[in-house]
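Here is a short report on one protein chain. It starts at the surface and then turns to the core and the overall fold.

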Amino acid sequence: MLNTYFRIIVGSMVLLSVVLTQYVHENWMWFTVFIGVNLIQSAFTKWCLLETILVKLGVKKEGGSCSTC
């Protein structure tokens with residue numbers, strides 16, 4: 001369940017940042033860069049802030065962490 005929420009939230013954030021870049025201001029592209037850097041960081045450190053937040057909200061882990069998706 002955790003991976004499902006993670007993928008939905010991250011995918012939505014990327015799409016939102018692209019829309020904001022297109023229609024609001026080009027600096028919103030930095031939000032997309034931030035998301036990408038966090039995904040890369042979580043692959044090396046095995047720690048993901050979004051995963052921590054989701055677990056504290058009561059989402060059950062199904063085995064792996066978001067950094068191993």
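Valine 24 is exposed, with a relative accessible area of 54%. Buried means under 20% relative accessible area, exposed over 50%, partly exposed in between (1.4 Å probe, protein chains only). The model is predicted: local features need pLDDT of at least 70, side-chain atom pairs count only at pLDDT 80 or more, and totals for chains, interfaces and linings use all residues. Residues are numbered from 1 along each chain as its sequence is written, and side-chain values use heavy atoms, without hydrogens and water.

Valine 24 sits in the loop between helix H1 (2-23) and helix H2 (29-45). Helices are DSSP runs of H or I with at least four residues, strands are runs of E with at least two, and both are numbered from the N terminus.

## The core

The largest nonpolar core has 8 residues: Leu2, Phe6, Val10, Ile35, Cys48, Leu50, Leu54 and Val59. H1 and helix H3 (49-56) are the elements that give two or more residues to this core. The largest share, 3 residues, comes from H1. Such a core is a set of buried Ala, Val, Leu, Ile, Met, Phe, Trp, Tyr and Cys residues joined through side-chain atoms within 4.5 Å.

Beyond its neighbours within four places in sequence, leucine 50 is in contact (heavy atoms within 4.5 Å) with Phe6, Ile9 and Val10.

## The whole chain

The protein chain has 3 helices and 0 strands. From the N terminus, its elements run α-α-α. Of its 69 residues, 26% count as buried.
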